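Walk me through this fold.

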Amino acid sequence: MKYENIRKQVLEAILQAVDQGLIHGTSGNIALRDSENRNIVAITPSGISYAGMKAEDIAIVEMKEDGTNEWIDGPYKPSSELPMHTAVMRARQDVNATVHTHSMFATIMAMGENPVIRPITPPQCEFTPIGIVPFTMPGSNDVAKKVADALGEKGRACLIKNHGMFSCGKDMKAAMHATIYTEEMAQTTYYAKVLGTYEPMPEEAERMMKALIEADQAV
Ligand SMILES: [Zn+2]
């Protein structure tokens, strides 16, 4: 099997996301860039149930220099959200793994007039600020560009109104952490707001925590 390593990592991540309730049915998708052939991306296929999926079922795509993507291997066509994943990988050379979910609490917190989520616990500070993308048709180049813009140069996660969230990292572990902590942030925010006890970390503490995490000195 060609590109076995990246296919296996994508399969493992999608099964983990399903197991953790971050992805249901065929919603959500995960992609990983090949470390040697940096224009090659493995991505979950479109409309296929993740239960029982095999590594060879993961689609392989080549990011062409003219900005288009070509499906080059795998029995099933790539996820319809492919443009979102490749737009971020093209814009960010530091990003090699990308995750898109319709996870419940991120989707809930993406609505409303001013959908801001802030860190409630110290580890969440690694992934803030969380960007926000207004509703845009899924699968379009428009939403792909807006997600890349919302992440900017350093962003790790953003919410997409009436859709879900998108997160990224230098490798699959980092991208999955961004996904898990963003969903956790949305969930804790939701329950705290329902209880009337919402109190995110002070901005100064968030800044100090971010600096510690960046210097790799956080405990
Ligand atoms: Zn989606």
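The paragraphs below go from the sheet to the helices.

This is a predicted model, where local features need pLDDT of at least 70, side-chain atom pairs count only at pLDDT 80 or more, and totals for chains, interfaces and linings use all residues. Residues are numbered from 1 along each chain as its sequence is written. Helices (H or I, at least four residues) and strands (E, at least two) are DSSP runs, numbered from the N terminus.

Eight strands form an open sheet with mixed pairing, in the order β4-β3-β2-β1-β5-β8-β7-β6. Two strands pair if DSSP finds at least two bridges between them. β4 (69-73) and β6 (131-133) are the edge strands, each with a single partner, so one side of each has no neighbour in the sheet. The twist averages 25° from one strand to the next. Angles run from 0 to 180 degrees between N-to-C directions, with axes fitted to C-alpha atoms, for helices over the stretch in contact.

β6 and β7 run parallel, joined by three bridges. Valine 133 has isoleucine 160 of β7 as its bridge partner. Helix α4 (residues 141-151) packs on the sheet and touches β6, β7 and β8 (contact: C-beta atoms, placed from the backbone, within 7 Å). Its direction makes about 165° with that of β6.

Helix α5 (residues 172-195) lies across β1, β5, β7 and β8, at about 145° to β8. Its buried residues (20 or more other C-beta atoms within 10 Å of their own, C-beta atoms being placed from the backbone) include Met172, Tyr181 and Thr189. Their cover includes α1 (4-19) and α3 (104-109). After α5 comes glycine 196, with a positive phi near 80°.

Conventions
Buried ≥ 20, exposed ≤ 12 C-beta atoms within 10 Å, placed from the backbone. Contact = placed C-beta atoms within 7 Å.
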